[in-house]
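I opened the notebook to record what I looked up in this model, strand by strand and then around the pocket.

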Amino acid sequence: MTASNRIVLSSDHAAIQLRRAIAAHIATQGWDVVDIGPTTPESTHYPKHGEAAARLVASGDCRLGIVLCGTGQGIMMAANKVKGIRCGVCADTFSARMIRQHNDANMLSIGARVVGEGLALDIVDAFLTAEFQGGRHATRVEMIEALEG
């Protein structure tokens with residue numbers, strides 16, 4: 001498999017069920033899902049899961065990533081600490097589409113305690129079907145990348 005159809009999923013304990021639903025959903029769309037867990041409901045730390053997923057995207061092993069925690073905020077913050085990652089937390093389809101079209105986001109974060117499964121799947125679909133528009137947006141993405149040093 002090539003990275004072009006590989007997508008990594010990870011979460012903390014609060015989002016295991018929703019992560020699994022998303023994995024099953026996108027697998028039917030032809031994505032090669034790399035689910036790096038966790039698999040048990042014991043309390044775990046979202047920063048390590050956000051970092052692990054982000055490293056697979058930053059390395060080029062996976063094209064995109066989806067991470068989840070209770071609010072989506074903490075795991076998104078952790079993922080964004082990895083150089084080359086542009087991850088946005090979304091609770092609506094418009095934002096999910098825009099972070100791809102305008103920000104060339106390579107990761108999506110969702111809060112399992114914020115959105116239900118049906119909306120989460122719609123958010124994922126909006127994210128995965130949108131394409132970066134380039135143009136003036138490319139200049140802004142370059143400015144974001146320059147902040148990484």
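I began with strand pairing, and noted that Cys69 stands opposite Gly111 in strand E5. Strand E3 (residues 64–69) and E5 (residues 107–111) pair in the parallel sense over five bridges, where pairing requires that DSSP finds at least two bridges between two strands. The helix and strand labels are DSSP runs numbered from the N terminus, with helices (H or I) of at least four residues and strands (E) of at least two.

Before going further I wrote down the conventions: this is a predicted model, in which local features need pLDDT of at least 70 and side-chain atom pairs count only at pLDDT 80 or more, while totals for chains, interfaces and linings use all residues. Residues are numbered from 1 along each chain as its sequence is written, and side-chain values use heavy atoms, with hydrogens and water left out.

**Entry: the strands.** Why is E3 largely enclosed by the rest of the structure? I found that six of the six residues of E3 are buried, so the strand is largely enclosed; buried means under 20% relative accessible area, exposed over 50%, and partly exposed in between, with a 1.4 Å probe and protein chains only. Leu64, Ile66 and Leu68 point one way from E3, whereas Gly65, Val67 and Cys69 point the other way. In a regular strand the side chains alternate between the two faces of the sheet.

I then moved to E1 (residues 6–11), which runs parallel to E3 and is joined to that strand by five bridges, with Ser11 opposite Leu68. E1 is also joined by four bridges to the parallel strand E2 (residues 32–35), where Asp35 is the bridge partner of Leu9. Six of the six residues of E1 are buried, so this strand too is largely enclosed by the rest of the structure.

**Entry: Arg19.** I looked up Arg19 in helix H1 (residues 16–27) and found that Arg19 is buried, with a relative accessible area of 1%. The side chain of Arg19 makes a polar contact of 2.7 Å with the side chain of Ser11; such a contact is a pair of N or O atoms within 3.5 Å, of which, within protein, one must be able to donate a hydrogen and the other to accept it, and residues adjacent in sequence count only if both atoms are side-chain atoms. A polar atom of the Arg19 side chain also lies 2.7 Å from the backbone oxygen of Pro38. Pro38 sits in the loop between E2 and helix H2 (46–58), and the peptide bond from Gly37 to Pro38 is cis, with omega near 15°.

**Entry: the pocket and Arg86.** The largest pocket has a volume of about 160 Å³, and its lining includes Asn80, Arg86, Asn103, Ile144 and Glu148. On a 1 Å grid over the protein atoms alone, a pocket is an open set of points where a 1.4 Å probe fits, with protein on both sides within 12 Å along at least five of seven lines, and lining residues have an atom within 4 Å of a point. The volume is the space filled by probe spheres set on the points, which are joined across faces, edges and corners.

Arg86 lies in the loop between helix H3 (73–79) and strand E4 (87–89), and is buried at 13% relative accessible area. Leaving aside neighbours within four places in sequence, Arg86 is in contact (heavy atoms within 4.5 Å) with residues including Asn80, Asn103, Asp104 and Ile144. Asp104 counts as partly exposed, at 23% relative accessibility, and has a positive phi near 50°.
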